[in-house]
Amino acid sequence: ANRSAWGLVDARSSSPFLGASLARMSFVRDSKFRHVFGEAWKTKYDDIQYTTKATESVGLRCNGKFLVIPWTGGGGPLAVLPVGKLGKVPRDVPRITGHTAPVLDFEFNPFDDNMLISASEDHTIKVWALPDEGLKDHLKDPVATLEGHEKKVGFCTFNPSAADIVASTSFDMTCKVWNVAAQEVAFSTPVPDQMLSLRWNYRGSMLAGTCKDKRLHIMDPRADGIVSSVSAHEGVKASKVIWLGGPGDTEDNNCLLTTGFSRHTDRQVGIWDIRMFSSSMDDRCEPLSMTLLDQGAASLYPHYDPGTGMLYIAGKGDAMVKYFEVARGHQELHFLSQYTSTSTQKAFDFIPKRNVDVSRHELARGLRLEGTCVQPISFCVPRRSEAFQDDIFPDCPSATPAMQAADWAAGAAAQDPVLQSMRPGAASAQAKAAPQRHLAQVVTAIVAGQRVKTIVKGAQQPGTVRYVGEIENQAGTWVGIELDKPEGKHDGQLGDRRYFDCPESCGTIVRASQLAVLQEDAVDAPNAADLAAAQSAFKEGESVSMTLTGTVKFVGGTQFASGVWLGLELDEGAGRCNGSMLGVPYFRCAEGRGLLLQPPRIVPEASAAVGSQQPSACKASDAVVANEQVEKLRSQVAEEEGKSAKFKSAMEEKRAQNAKLAAALEAAHKRAEQLQDQLEAEQVKARELESQLAQAATRERALQKDVEEAKKAAVAPQQSFAPPGRASTNGEAAGDDSKALSPPPPRKPMTYKEQREQAQRQLEDTMSAPSGFRGKQLTAEEADIIERKGTEAAGAGEYNSFAPQRGYFACRKCGRPIYSCEAKFKSGCGWPAFDKCYTNSIATRKEDDGTDRVEITCAGCGGHLGHIFEESNTHDKRRSDQRHCANSLALQYIKDEPPAGTGGETTLDLNASAAPSVAPRAPPEEQRGPPPPALPAVAPQSLPAPRSGVGEAFALDLSRLQRLVSNLERCADLFAPAC
């Protein structure tokens, strides 16, 4: 029954863990982790502005130094927070802003806490260097950019054993393995569909990934790519995978665990052995176990601790984290417990094992994003002893790589990660003994003469490094490049200083992060004997003859073919280049006068005549061979130029499409803003009409009630009251008492005006602050308005439609009188509006945001009230042309008269730096216009005492009733437009 409540069901039977599964498990297992509990920290990271972009990654990353969270905003910014600095996160938190599209995945280097990689929809993977003290400003320049994917990159993950090896998957259906140190693709493997997760095994030799085709793929990137595949989960939602290997395990390194969905949206956890997989794409493999966890819509993200054998499972959108113990042999799961919260989680990640607090017996620490905060959670073992517990804290992976990137890429045997002791003090001693590794050593050093290509805004330009160092007025290391084509900005000189020499418009200076080393095809070096013979037979500057005459400019080896080659500058313009071949310069000459060819065979008899000034003659057969080689090179050059033209054409089309999409997006944004403004205006009008309709309905009900009471009073019979026991006949009293008792005077009912005034007074008493108000302690919402210049939503303020008949409005922070109730009027803008203020109560200041808006602040405390606007010929003629648009949360209504000493009311001079008192402008008598129509007077509801004649009283009451009905009809006609 307990296992049924836990939600553990064997997928191969219809009952919860019955039969063979129950036979393998005892009801009470002997385990050191049976009582592990999850505990939330009292402090957390508040005011997190998490992005709304949905991704398949875990959603946040953390290590012993930093916490990285995708932040809201364009271009995929990543906020970097120090792990030890909990509390409220500032709005201007420093962020990584180097991408031009949303970031889909990011991860810390397991061997360098200051290195972060990020994969984005802009088709790139960027490497970031974080300073030890954290970011002070926004970080835009990465230390390296990995380009090679043709579509957006979905996942990126570091190798857990080899340094600087990163695997990535993209929507271009490829899985690439990068050597970050060399900024190159080491291996590339095609995949059949979009990948939904990607994980290295414990030793970093193989990759496992779940795919959108509902299959689990095992890849060996250094061998044949995908080596095996099997159908994992039948559900269409995303499935995830993780390896179950650990230190010293040989058999268990072949096991892995997947989470996914069944055909009926049951969430499953499966354990597999890759040795049972087939190399073909069939589905004959069965899992070691398949457990039905529960039912839900969120994908499950597993986290496995190889030291303790504990498995943690958290789902985006869930309110709990379940944790299990994986049995030795990895064939079944044992449920331990679960951490439950009242709010759902958007992201979840664990810090490295070496950073947990062993003094609290903390097995793992997770960071859980819920709402607008990140909550740390510690999973601990309850033990009384404060000593280090060796049995629950085995050695964990350290920050030292087991092998280097070059060795791993060369095919060296994979090794287990280097482990460190978790005993306090052991990690620091090991870190001191290990050699320090700096991020600058990751990227290959750039040296002069090296062939590189610049990567600026998607354009790639090949060239040769001519300068490496600092430049004037710029921090950091810069690289001077001599481009192969005149597409640069200068000739190596910036300002008054020359950094290197190159032809005009061939020089450019960029950061090292904007460069990539050209990996050109290797060619055989020229034979030493042939090179010596050619150099002795041909001298630079010597004239030669071979159908065409020219001058030798170059003798040596090339990068496009093996052997010795001659570079000639022809006397006539019949050459094929300007001294460069396939983008590599060998000598300089005029365009169309350069020619590269292999020299004829050198014979000993000709060596004596080499030094003469007579031109050397070449054999006809050698000339034919040379011409054939030239033609071959021409075809190669033409082919490369055709490819370059196609690439440029495709890039131009992409740029045009991007421009069209950007224009359409901008138009859509403007249209959305216009529709939003229209919607807000319609909402304000709707609220005003609802208010008018409610007032009219109230008045109509009051008038109907008055009519009913008047009718009842008119038809009531005239009665006389006599003492008990006596009867009256023909109007004469019986017995000794001859006088009839008079009826009590009728109670006069309240008129509609009196009822409205009473309701208004009650509302004012409710809204008013106590007498002698001198300010209050601000709430968080009030402080955001008054102290941080916030603005409340239109139509949401409590004083927006409030129109008092007495009292005044004061500053909510200091209690200084600001406006009288007579100054308030209905403007329809959505905020309380006033046309004048008390003298010396308000200070003005023009906004520095580039607009003409004028801010109004309290002259007593400087608190933000709102803004003031000049609106001529828009208000009632009895009011001024100024509109004070104030926030309700910045004001406080007091029903009493303003304190003694409060000045008169005035308007503000917006052209002066400080607003002096100005007498309010009163419009001329002829411009004031007719007064607003008054409500029709309602006849009194009370009736006079009945007269002696019943007919006369009835006639009088009927006449009054007719006048009352007439007044009611006039009221209905008056309020018909509002209704």
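Biologist: Why is arginine 498 called partly exposed?

Modeller: Arginine 498 has a relative accessible area of 38%. Buried means under 20% relative accessible area, exposed over 50%, and partly exposed in between, with a 1.4 Å probe and protein chains only. The value of 38% falls in between, so arginine 498 is partly exposed. This is a predicted model in which residues are numbered from 1 along each chain as its sequence is written. Local features need pLDDT of at least 70 and side-chain atom pairs count only at pLDDT 80 or more, whereas totals for chains, interfaces and linings use all residues; side-chain values use heavy atoms, with hydrogens and water left out.

Biologist: What makes the contact of arginine 498 with aspartate 491 a salt bridge?

Modeller: The closest N and O atoms of arginine 498 and aspartate 491 are 3.1 Å apart. A salt bridge requires a side-chain nitrogen of Lys or Arg within 4 Å of a carboxyl oxygen of Asp or Glu, so the pair qualifies. Aspartate 491 has a relative accessible area of 19% and is therefore buried. A search of the whole structure finds 45 salt bridges.

Biologist: How do you know that arginine 466 and glutamate 482 form a salt bridge, and where do they lie?

Modeller: Arginine 466 lies in strand β35 (residues 459–471) and glutamate 482 in strand β36 (residues 474–483), 16 residues apart, so the pair links distant parts of the chain. Strands (E, at least two residues) and helices (H or I, at least four) are DSSP runs, numbered from the N terminus. Arginine 466 counts as partly exposed because its relative accessibility is 36%, and glutamate 482 counts as buried because its value is 9%.

Biologist: Why is arginine 263 called exposed, and what is its partner in a salt bridge?

Modeller: Arginine 263 counts as exposed because its relative accessibility is 61%. Its partner is glutamate 234, the closest N and O atoms being 3.2 Å apart. Arginine 263 is in the loop between β22 (255–261) and β23 (266–273), and glutamate 234 is in the loop between β20 (225–231) and β21 (240–243), 29 residues apart. At 45% relative accessibility, glutamate 234 counts as partly exposed. Elsewhere, Arg267, Asp294, Asp318 and Lys322 are linked in a network of salt bridges.

Biologist: What makes tyrosine 799 and phenylalanine 802 a tilted aromatic pair?

Modeller: The structure holds 18 aromatic pairs. In this one, the rings are 6.0 Å centre to centre, with 35° between the planes. Rings of Phe, Tyr and Trp (its six-membered ring) pair if their centres lie within 6.5 Å; planes under 30 degrees apart count as stacked, over 60 as edge-to-face and the rest as tilted. The pair of tyrosine 799 and phenylalanine 802 is therefore tilted. Both residues are buried.

Biologist: What is the mean pLDDT of the protein, and which stretches are below 50?

Modeller: The mean pLDDT, the predictor's confidence in each residue from 0 to 100, is 79, and 76% of the residues reach 70 or more. Stretches below 50 include residues 1–26 and residues 718–741. Where pLDDT is low, the predicted coordinates should not be read in detail.

Note on methods:
Contact = heavy atoms within 4.5 Å.
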